[in-house]
Amino acid sequence: MKRILFICALLMWEAVSALAFGHTTILSEKVSGHKTGVIPVVDGLTALPLQSNINSILRTSADALAKQAGGNPVLSYDVTVNRPTVFSVVLKAEGNKTAYQGVNIDITSGKTVEPKDFFYINDNFKNVIGDKDYVFGEDGLLLATGKYGPYTQTIAYGQLLKSINIADGARLVTSYKLSKDAEDRILELKAGELVSVYLGSNPSTGYDWKVVNADQMPGFVSMGSSFYMPQDPQKVE
């Protein structure tokens, strides 16, 4: 029986099957005219209709935000999370006033993410998030301070344990692939990070993995095991 030690883990999925590793390719596109700066665009998707629809969403959102800022706005953006099948950006427009807009994109559908796509809209979600605008971050959701306000409040994913739909929530995890050489070694993680670990095993031969001393790690929560990650649309012919 193999074992591995984890430090500073908050959420964990173990024994993951068919992980999708990598990122979505997000490029900066210069804009001109009454507005300047850059906006994000997606490239490299095999499914060109999805790519076209995603870029249309990003450009339309940027145009609307520029009008909200007024004057001759300068556009910019920050990528808050980037995974193979989902990413989030915060658009920023600086004109007569500064305005922000978060956009969460589902690569598999080519559309914006709805709360119900990743969460159960239960009492926990309503109490913690309510109707606030948010984007996905590395360690939690980033909430807007108000309409067109900056995304400065962080809600750790641990506060949403009762609301995360594991089937789709798994798409937000940081993925690690470990071999048998990882036995008794340490993988250091960020507090609050959603993590999936790909571990090869063959229980019939006694080659298996287990989490040890979990009761001594109050910040560690296992949410499931042996599930399938969505297929990376960039690799589908």
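This report walks through the strands, nonpolar cores and aromatic rings of a predicted model.

## Ground rules

Residue numbers start from 1 along each chain as its sequence is written. Because the model is predicted, local features need pLDDT of at least 70 and side-chain atom pairs count only at pLDDT 80 or more, while totals for chains, interfaces and linings use all residues; side-chain values use heavy atoms, with hydrogens and water left out.

Helices (H or I, at least four residues) and strands (E, at least two) are DSSP runs, numbered from the N terminus. Two strands pair if DSSP finds at least two bridges between them. On one side, β6 and β7 run antiparallel, joined by 8 bridges, and they form a hairpin with 3 residues between them. On the other pairing, β7 meets β8 in the antiparallel sense over 9 bridges, again as a hairpin with 3 residues between the strands.

Of the 9 residues in β7, 7 are buried (under 20% relative accessible area; exposed is over 50%, partly exposed in between; 1.4 Å probe, protein chains only).

## Two nonpolar cores

A nonpolar core is a set of buried Ala, Val, Leu, Ile, Met, Phe, Trp, Tyr and Cys residues joined through side-chain atoms within 4.5 Å. The largest one has 22 residues, and Ile54, Leu58, Phe87 and Ile105 have the most contacts inside it. Elements giving two or more residues to this core include β7 (86–94) and α1 (48–69), and α1 gives the most, with 7 residues. Apart from this core lies another, of 19 residues, among them Val86, Ile129, Leu143 and Ile164.

Take Leu58 as an example. Leaving aside neighbours within four places in sequence, Leu58 is in contact (heavy atoms within 4.5 Å) with residues including Pro40, Phe87, Leu91 and Ile105.

## Aromatic rings

Rings of Phe, Tyr and Trp (its six-membered ring) pair if their centres lie within 6.5 Å; planes under 30 degrees apart count as stacked, over 60 as edge-to-face and the rest as tilted. The count comes to 5 aromatic pairs. The Phe119 and Phe125 rings have centres 5.3 Å apart and planes at 40 degrees, so this pair is tilted. Both residues, Phe119 and Phe125, are buried.

Phe119 and Tyr134 have ring centres 6.2 Å apart and planes at 85 degrees, so they are edge-to-face. This pair links distant parts of the chain, 15 residues apart. Ring pairs join Phe118, Phe119, Phe125, Tyr134 and Phe136 into a cluster.
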